[in-house]
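Here is a short briefing for a first look at this structure. Keep the sequence and the 3D view at hand while reading.

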Amino acid sequence: MPFEKLAEMILPREVIGGHGAIEKTGEVFNKLTSSKSGIIVTGQTTVKLAGERVKDLLKSSGIETSIVITGQATEENVEKVKEQTRKVDARVIIGIGGGSKIDIAKKSAFDLGLDFISIPTSASHDGVASPRATISKNGLSYSVEATMPAAIIADTEIIVTAPFRFLASGAADVLSNLPALRDWNLGHRLKGEKVSSSAYAISEFAAREIINNASQIKPHIEESVWLVIKQIVFSGIAMSVAGSSRPASGSEHMFAHAVNTIKKGNGLHGELCGIGSIIAMYLHGADWVMIKNTLQTIGAPTTLDQVSLTEEDAIQALMMAHKTRPDRYTILGESGLSESAAREALHLTGVA
Ligand SMILES: [Zn+2]
(Lines give C-alpha, C1' and ligand atoms only; values in the text may rest on other atoms or scores of the structure.)
Protein backbone atom coordinates (compact mmCIF):
# COMPACT_ATOMS: atom_id res chain seq x y z
CA MET A 1 0.00 0.00 0.00
CA PRO A 2 1.47 3.42 -0.89
CA PHE A 3 1.96 6.15 1.69
CA GLU A 4 -1.03 8.47 1.82
CA LYS A 5 1.07 11.49 2.65
CA LEU A 6 4.66 12.49 3.20
CA ALA A 7 5.87 11.67 6.67
CA GLU A 8 8.34 13.99 8.32
CA MET A 9 10.32 13.52 11.48
CA ILE A 10 12.67 16.27 12.55
CA LEU A 11 15.00 15.30 15.35
CA PRO A 12 17.63 17.38 17.13
CA ARG A 13 21.04 16.86 15.55
CA GLU A 14 22.95 17.82 18.69
CA VAL A 15 21.96 17.41 22.33
CA ILE A 16 24.68 18.61 24.65
CA GLY A 17 24.24 18.52 28.39
CA GLY A 18 26.44 18.93 31.41
CA HIS A 19 28.57 21.36 33.37
CA GLY A 20 29.73 24.14 31.05
CA ALA A 21 27.86 22.76 28.01
CA ILE A 22 27.30 26.34 26.86
CA GLU A 23 31.00 26.54 25.90
CA LYS A 24 30.15 24.28 22.94
CA THR A 25 27.68 26.74 21.41
CA GLY A 26 30.08 28.01 18.71
CA GLU A 27 31.06 24.49 17.69
CA VAL A 28 27.40 23.41 17.54
CA PHE A 29 26.44 26.48 15.49
CA ASN A 30 29.22 25.84 12.98
CA LYS A 31 28.18 22.20 12.62
CA LEU A 32 24.60 23.20 11.81
CA THR A 33 25.29 25.84 9.20
CA SER A 34 27.98 27.60 7.19
CA SER A 35 26.24 30.91 7.91
CA LYS A 36 28.00 33.28 10.30
CA SER A 37 24.94 35.18 11.40
CA GLY A 38 22.46 34.46 14.17
CA ILE A 39 20.02 36.13 16.49
CA ILE A 40 19.65 35.55 20.22
CA VAL A 41 16.14 35.74 21.64
CA THR A 42 16.17 36.11 25.40
CA GLY A 43 14.75 38.04 28.38
CA GLN A 44 15.87 40.68 30.91
CA THR A 45 17.14 38.14 33.45
CA THR A 46 18.34 35.41 31.11
CA VAL A 47 20.45 37.82 29.05
CA LYS A 48 22.64 38.28 32.14
CA LEU A 49 22.48 34.60 33.05
CA ALA A 50 23.52 33.26 29.65
CA GLY A 51 22.63 35.55 26.71
CA GLU A 52 25.69 37.82 26.79
CA ARG A 53 27.98 34.85 27.42
CA VAL A 54 26.57 33.03 24.37
CA LYS A 55 27.05 36.14 22.23
CA ASP A 56 30.74 36.34 23.29
CA LEU A 57 31.27 32.62 22.75
CA LEU A 58 29.79 32.81 19.26
CA LYS A 59 31.88 35.87 18.42
CA SER A 60 35.05 33.98 19.29
CA SER A 61 33.89 31.29 16.83
CA GLY A 62 33.49 33.93 14.11
CA ILE A 63 29.69 34.22 14.37
CA GLU A 64 27.98 37.61 14.61
CA THR A 65 24.76 37.76 16.59
CA SER A 66 22.40 40.43 17.80
CA ILE A 67 20.42 40.09 21.00
CA VAL A 68 16.67 40.68 21.11
CA ILE A 69 15.22 41.12 24.59
CA THR A 70 11.62 40.03 24.55
CA GLY A 71 8.80 39.37 27.03
CA GLN A 72 5.66 37.22 27.13
CA ALA A 73 5.03 34.66 24.40
CA THR A 74 2.51 36.74 22.49
CA GLU A 75 1.85 36.90 18.78
CA GLU A 76 3.08 40.54 18.74
CA ASN A 77 6.42 39.56 20.28
CA VAL A 78 6.82 36.77 17.71
CA GLU A 79 6.24 39.32 14.93
CA LYS A 80 8.83 41.68 16.45
CA VAL A 81 11.44 38.92 16.62
CA LYS A 82 10.72 37.92 13.01
CA GLU A 83 11.09 41.52 11.86
CA GLN A 84 14.42 41.84 13.70
CA THR A 85 15.62 38.50 12.30
CA ARG A 86 14.86 39.60 8.73
CA LYS A 87 16.55 42.96 9.31
CA VAL A 88 19.89 41.38 10.30
CA ASP A 89 19.40 38.48 7.86
CA ALA A 90 20.13 35.90 10.60
CA ARG A 91 20.02 32.26 9.49
CA VAL A 92 19.74 30.70 12.96
CA ILE A 93 17.56 31.70 15.91
CA ILE A 94 18.90 30.93 19.38
CA GLY A 95 16.34 30.88 22.18
CA ILE A 96 17.70 31.35 25.71
CA GLY A 97 15.30 31.15 28.64
CA GLY A 98 12.85 29.02 30.59
CA GLY A 99 9.66 29.02 28.58
CA SER A 100 8.31 32.08 26.81
CA LYS A 101 11.63 33.06 25.17
CA ILE A 102 12.08 29.55 23.82
CA ASP A 103 8.46 29.56 22.56
CA ILE A 104 8.94 32.91 20.78
CA ALA A 105 12.22 31.74 19.23
CA LYS A 106 10.93 28.41 17.94
CA LYS A 107 7.70 29.86 16.54
CA SER A 108 9.67 32.61 14.78
CA ALA A 109 12.09 30.01 13.38
CA PHE A 110 9.13 27.95 12.16
CA ASP A 111 7.50 30.90 10.38
CA LEU A 112 10.79 31.94 8.75
CA GLY A 113 11.96 28.39 7.95
CA LEU A 114 15.18 28.82 9.95
CA ASP A 115 17.13 26.54 12.28
CA PHE A 116 16.52 26.94 15.99
CA ILE A 117 18.90 26.29 18.89
CA SER A 118 17.38 25.81 22.33
CA ILE A 119 19.43 26.89 25.36
CA PRO A 120 17.21 26.38 28.41
CA THR A 121 17.98 28.23 31.64
CA SER A 122 15.41 26.16 33.54
CA ALA A 123 13.58 22.91 32.88
CA SER A 124 10.04 23.45 34.13
CA HIS A 125 8.24 21.77 31.19
CA ASP A 126 8.93 19.76 28.04
CA GLY A 127 8.68 22.77 25.71
CA VAL A 128 12.45 23.33 25.70
CA ALA A 129 12.80 20.29 23.43
CA SER A 130 9.48 19.97 21.62
CA PRO A 131 8.14 20.98 18.19
CA ARG A 132 5.23 22.88 19.78
CA ALA A 133 4.97 26.42 21.17
CA THR A 134 2.40 28.06 23.41
CA ILE A 135 1.61 31.50 22.03
CA SER A 136 -1.07 33.87 23.30
CA LYS A 137 -3.33 36.06 21.25
CA ASN A 138 -5.82 38.49 22.79
CA GLY A 139 -5.15 36.95 26.20
CA LEU A 140 -5.85 33.35 25.15
CA SER A 141 -3.07 30.76 24.83
CA TYR A 142 -2.79 28.37 21.91
CA SER A 143 -0.51 25.43 21.28
CA VAL A 144 0.92 25.88 17.78
CA GLU A 145 3.29 24.00 15.53
CA ALA A 146 6.87 25.23 15.83
CA THR A 147 10.40 24.22 14.85
CA MET A 148 11.93 21.24 16.59
CA PRO A 149 15.29 22.44 17.96
CA ALA A 150 18.17 21.52 15.66
CA ALA A 151 20.31 21.58 18.79
CA ILE A 152 19.64 21.60 22.51
CA ILE A 153 22.38 22.88 24.79
CA ALA A 154 21.51 22.19 28.42
CA ASP A 155 24.16 23.65 30.68
CA THR A 156 23.50 22.02 34.06
CA GLU A 157 25.68 24.63 35.80
CA ILE A 158 23.17 27.29 34.71
CA ILE A 159 19.94 25.29 35.08
CA VAL A 160 20.81 24.11 38.60
CA THR A 161 20.65 27.75 39.77
CA ALA A 162 16.94 28.00 38.85
CA PRO A 163 14.51 27.30 41.73
CA PHE A 164 14.11 23.55 42.33
CA ARG A 165 10.35 23.96 41.95
CA PHE A 166 10.95 24.38 38.19
CA LEU A 167 12.88 21.12 37.84
CA ALA A 168 10.27 19.19 39.85
CA SER A 169 7.63 20.69 37.56
CA GLY A 170 9.57 19.53 34.47
CA ALA A 171 9.76 16.01 35.88
CA ALA A 172 6.00 16.08 36.54
CA ASP A 173 5.39 17.16 32.93
CA VAL A 174 7.29 14.07 31.71
CA LEU A 175 5.42 11.86 34.18
CA SER A 176 2.17 13.00 32.59
CA ASN A 177 3.15 11.03 29.49
CA LEU A 178 1.64 7.97 31.22
CA PRO A 179 -2.00 9.16 31.33
CA ALA A 180 -1.48 10.83 27.92
CA LEU A 181 -0.52 7.44 26.44
CA ARG A 182 -3.61 5.83 27.95
CA ASP A 183 -5.71 8.56 26.35
CA TRP A 184 -3.97 7.96 23.03
CA ASN A 185 -4.80 4.25 23.27
CA LEU A 186 -8.40 5.15 24.01
CA GLY A 187 -8.46 7.43 20.95
CA HIS A 188 -7.18 4.49 18.95
CA ARG A 189 -9.68 1.96 20.27
CA LEU A 190 -12.75 4.22 20.19
CA LYS A 191 -12.00 6.59 17.32
CA GLY A 192 -9.60 4.64 15.16
CA GLU A 193 -6.85 7.18 15.68
CA LYS A 194 -3.40 6.04 14.50
CA VAL A 195 -0.87 5.32 17.21
CA SER A 196 2.85 5.37 16.47
CA SER A 197 4.35 2.47 18.42
CA SER A 198 7.83 4.02 18.35
CA ALA A 199 6.60 7.38 19.67
CA TYR A 200 4.60 5.48 22.28
CA ALA A 201 7.65 3.51 23.43
CA ILE A 202 9.93 6.57 23.62
CA SER A 203 7.36 8.57 25.59
CA GLU A 204 6.72 5.71 28.00
CA PHE A 205 10.46 5.17 28.47
CA ALA A 206 10.90 8.84 29.44
CA ALA A 207 8.17 8.66 32.10
CA ARG A 208 9.49 5.34 33.47
CA GLU A 209 12.96 6.82 33.82
CA ILE A 210 11.49 9.60 35.98
CA ILE A 211 9.68 7.00 38.13
CA ASN A 212 12.72 4.75 38.48
CA ASN A 213 15.01 7.65 39.37
CA ALA A 214 12.61 9.84 41.35
CA SER A 215 14.71 9.69 44.52
CA GLN A 216 17.71 11.06 42.58
CA ILE A 217 15.87 14.24 41.60
CA LYS A 218 17.06 16.68 44.24
CA PRO A 219 17.85 20.39 44.60
CA HIS A 220 21.33 21.81 43.87
CA ILE A 221 22.55 18.68 42.07
CA GLU A 222 23.59 18.97 38.44
CA GLU A 223 23.12 15.24 37.83
CA SER A 224 19.44 15.68 38.79
CA VAL A 225 19.09 18.41 36.20
CA TRP A 226 20.59 16.24 33.46
CA LEU A 227 18.42 13.29 34.47
CA VAL A 228 15.25 15.34 33.98
CA ILE A 229 16.47 17.18 30.86
CA LYS A 230 17.29 13.89 29.13
CA GLN A 231 13.71 12.70 29.60
CA ILE A 232 12.38 16.07 28.47
CA VAL A 233 14.40 15.59 25.27
CA PHE A 234 12.95 12.08 24.80
CA SER A 235 9.43 13.47 25.27
CA GLY A 236 10.15 16.07 22.58
CA ILE A 237 11.48 13.36 20.26
CA ALA A 238 8.34 11.26 20.87
CA MET A 239 6.21 14.24 19.81
CA SER A 240 8.33 14.75 16.71
CA VAL A 241 8.06 11.06 15.79
CA ALA A 242 4.28 11.11 16.33
CA GLY A 243 3.92 14.38 14.43
CA SER A 244 1.77 15.74 17.27
CA SER A 245 1.87 16.29 21.03
CA ARG A 246 -0.34 13.19 21.52
CA PRO A 247 2.31 11.03 23.30
CA ALA A 248 2.92 13.75 25.90
CA SER A 249 -0.41 15.53 26.27
CA GLY A 250 -3.83 14.12 27.14
CA SER A 251 -6.60 14.72 29.68
CA GLU A 252 -4.10 15.78 32.39
CA HIS A 253 -2.89 18.61 30.10
CA MET A 254 -6.51 19.57 29.36
CA PHE A 255 -7.01 19.99 33.12
CA ALA A 256 -3.91 22.22 33.26
CA HIS A 257 -5.14 24.29 30.28
CA ALA A 258 -8.59 24.62 31.88
CA VAL A 259 -7.01 25.92 35.11
CA ASN A 260 -5.05 28.46 33.05
CA THR A 261 -8.22 29.49 31.21
CA ILE A 262 -10.06 30.29 34.43
CA LYS A 263 -6.84 31.96 35.72
CA LYS A 264 -6.95 30.43 39.17
CA GLY A 265 -4.20 29.23 41.50
CA ASN A 266 -0.45 29.64 41.08
CA GLY A 267 0.58 26.24 39.71
CA LEU A 268 3.29 25.94 37.06
CA HIS A 269 2.34 24.06 33.87
CA GLY A 270 4.13 20.85 34.90
CA GLU A 271 2.78 21.04 38.45
CA LEU A 272 -0.80 21.23 37.19
CA CYS A 273 -0.13 18.39 34.73
CA GLY A 274 1.23 16.31 37.64
CA ILE A 275 -1.95 16.83 39.67
CA GLY A 276 -3.99 16.25 36.51
CA SER A 277 -2.09 12.98 36.01
CA ILE A 278 -3.18 11.64 39.41
CA ILE A 279 -6.81 12.33 38.49
CA ALA A 280 -6.50 11.07 34.90
CA MET A 281 -4.89 7.80 36.01
CA TYR A 282 -7.69 7.37 38.58
CA LEU A 283 -10.30 7.93 35.83
CA HIS A 284 -8.54 5.34 33.67
CA GLY A 285 -8.71 2.86 36.57
CA ALA A 286 -4.90 2.81 36.45
CA ASP A 287 -2.21 3.08 39.12
CA TRP A 288 -2.67 6.68 40.27
CA VAL A 289 -1.02 5.92 43.63
CA MET A 290 2.28 5.28 41.84
CA ILE A 291 2.01 8.69 40.11
CA LYS A 292 1.20 10.39 43.40
CA ASN A 293 4.06 8.67 45.25
CA THR A 294 6.50 9.62 42.50
CA LEU A 295 5.41 13.27 42.57
CA GLN A 296 5.81 13.29 46.36
CA THR A 297 9.27 11.75 46.14
CA ILE A 298 10.33 14.42 43.64
CA GLY A 299 8.76 17.18 45.72
CA ALA A 300 6.15 18.19 43.13
CA PRO A 301 2.65 19.17 44.32
CA THR A 302 -0.04 16.50 44.74
CA THR A 303 -2.76 18.60 46.38
CA LEU A 304 -4.82 21.64 45.41
CA ASP A 305 -3.55 23.60 48.44
CA GLN A 306 0.01 23.40 47.15
CA VAL A 307 -0.96 25.27 43.97
CA SER A 308 -3.47 27.59 45.68
CA LEU A 309 -6.50 26.11 43.94
CA THR A 310 -9.83 25.72 45.72
CA GLU A 311 -11.90 22.57 45.34
CA GLU A 312 -14.58 24.51 43.46
CA ASP A 313 -11.94 25.89 41.00
CA ALA A 314 -10.63 22.37 40.38
CA ILE A 315 -14.14 21.02 39.85
CA GLN A 316 -14.88 23.80 37.38
CA ALA A 317 -11.61 23.03 35.54
CA LEU A 318 -12.32 19.29 35.45
CA MET A 319 -15.83 19.85 34.11
CA MET A 320 -14.64 22.11 31.28
CA ALA A 321 -11.31 20.37 30.53
CA HIS A 322 -12.69 18.30 27.60
CA LYS A 323 -13.58 21.55 25.79
CA THR A 324 -10.01 22.89 25.79
CA ARG A 325 -9.12 20.53 22.97
CA PRO A 326 -12.27 18.97 21.47
CA ASP A 327 -10.35 17.31 18.61
CA ARG A 328 -8.40 15.16 21.06
CA TYR A 329 -10.31 12.18 22.44
CA THR A 330 -9.47 11.31 26.06
CA ILE A 331 -10.94 9.63 29.13
CA LEU A 332 -12.93 12.84 29.68
CA GLY A 333 -15.05 11.81 26.71
CA GLU A 334 -17.10 14.19 24.60
CA SER A 335 -19.27 15.62 27.37
CA GLY A 336 -16.71 15.81 30.19
CA LEU A 337 -16.99 14.96 33.87
CA SER A 338 -20.12 15.59 35.90
CA GLU A 339 -19.78 17.71 39.03
CA SER A 340 -20.24 14.76 41.38
CA ALA A 341 -17.70 12.63 39.46
CA ALA A 342 -15.17 15.48 39.53
CA ARG A 343 -15.65 15.95 43.28
CA GLU A 344 -15.32 12.22 43.91
CA ALA A 345 -12.13 11.97 41.81
CA LEU A 346 -10.58 14.81 43.81
CA HIS A 347 -11.52 13.28 47.16
CA LEU A 348 -10.71 9.64 46.46
CA THR A 349 -7.22 10.55 45.25
CA GLY A 350 -6.58 12.91 48.15
CA VAL A 351 -5.95 15.80 45.72
CA ALA A 352 -8.66 17.85 47.48
ZN1 LIG B 1 3.37 19.78 29.15
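The model is predicted. The packing of helix 11 against helix 10 and against helix 12 is another.

- Strand 4 (residues 92–97) runs parallel to strand 5 (residues 115–120), and six bridges join them.
- In general, strands of a sheet pair through backbone hydrogen bonds, either parallel or antiparallel.

**Helices on the sheet**

**The hairpin**

- Strand 6 (residues 132–137) and strand 7 (residues 140–145) pair in the antiparallel sense, over six bridges.
- The two strands form a hairpin, with two residues between them. In the turn, Asn 138 has a positive phi of about 50°.
- Lys 137 stands opposite Leu 140 in strand 7.

**Helix 10 with helix 11**

- Two packed helices are described by the angle between their axes and the distance between the axes.
- Helix 10 (residues 251–262) packs against helix 11 at an angle of about 130°, with the axes 7 Å apart. That angle makes helix 10 oblique to helix 11.
- The crossing of helix 10 and helix 11 is right-handed.
- Helix 10 contributes Ser 251, Glu 252, His 253, Phe 255, Ala 256 and Val 259 to the contact. Residues from helix 11 include His 269, Leu 272, Cys 273 and Gly 276.
- By class, this contact of helix 10 with helix 11 has seven nonpolar, five polar and one charged residues.

**Helix 11 with helix 12**

- The axes of helix 11 (residues 269–283) and helix 12 (residues 288–298) come within 8 Å and cross at roughly 165°. Helix 11 is therefore roughly antiparallel to helix 12.
- The crossing of helix 11 and helix 12 is left-handed.
- On the helix 11 side, the contact is made by Gly 274, Ser 277, Ile 278, Met 281 and Tyr 282. Helix 12 supplies Trp 288, Ile 291, Lys 292 and Leu 295.
- The residues of this contact of helix 11 with helix 12 divide into six nonpolar, two polar and one charged.

**Two single residues**

- Gln 84 is found in helix 3. Gln 84 counts as partly exposed because it has 17 C-beta neighbours inside 10 Å.
- Leaving aside neighbours within four places in sequence, Gln 84 is in contact with Ile 39 and Val 68.
- The C-alpha atoms of Gln 84 and Ala 321 are separated by 37 Å. These two residues are 237 residues apart along the chain.
- Ala 341 lies in helix 14 (residues 339–348). Ala 341 has 14 C-beta neighbours inside 10 Å, so it counts as partly exposed.
- The C-alpha atoms of Ala 341 and Gln 44 are separated by 45 Å, with the two residues 297 residues apart along the chain.

Key
Residues numbered from 1 in each chain as written. Predicted model: local features only at pLDDT ≥ 70, side-chain atom pairs only at ≥ 80, totals over all residues. Axes fitted to C-alpha atoms, helices over the stretch in contact; angles between N-to-C directions. Helix = DSSP H or I, 4+ residues; strand = E, 2+ residues; numbered from the N terminus. Parallel < 35°, antiparallel > 145°, perpendicular 65-115°, else oblique. Left-handed = near helix turned anticlockwise from the far one by under 90°. Contact = placed C-beta atoms within 7 Å. Nonpolar A, V, L, I, M, F, W, Y, C, P; charged D, E, K, R; others polar. Pairing = 2+ DSSP bridges. Buried ≥ 20, exposed ≤ 12 C-beta atoms within 10 Å, placed from the backbone.
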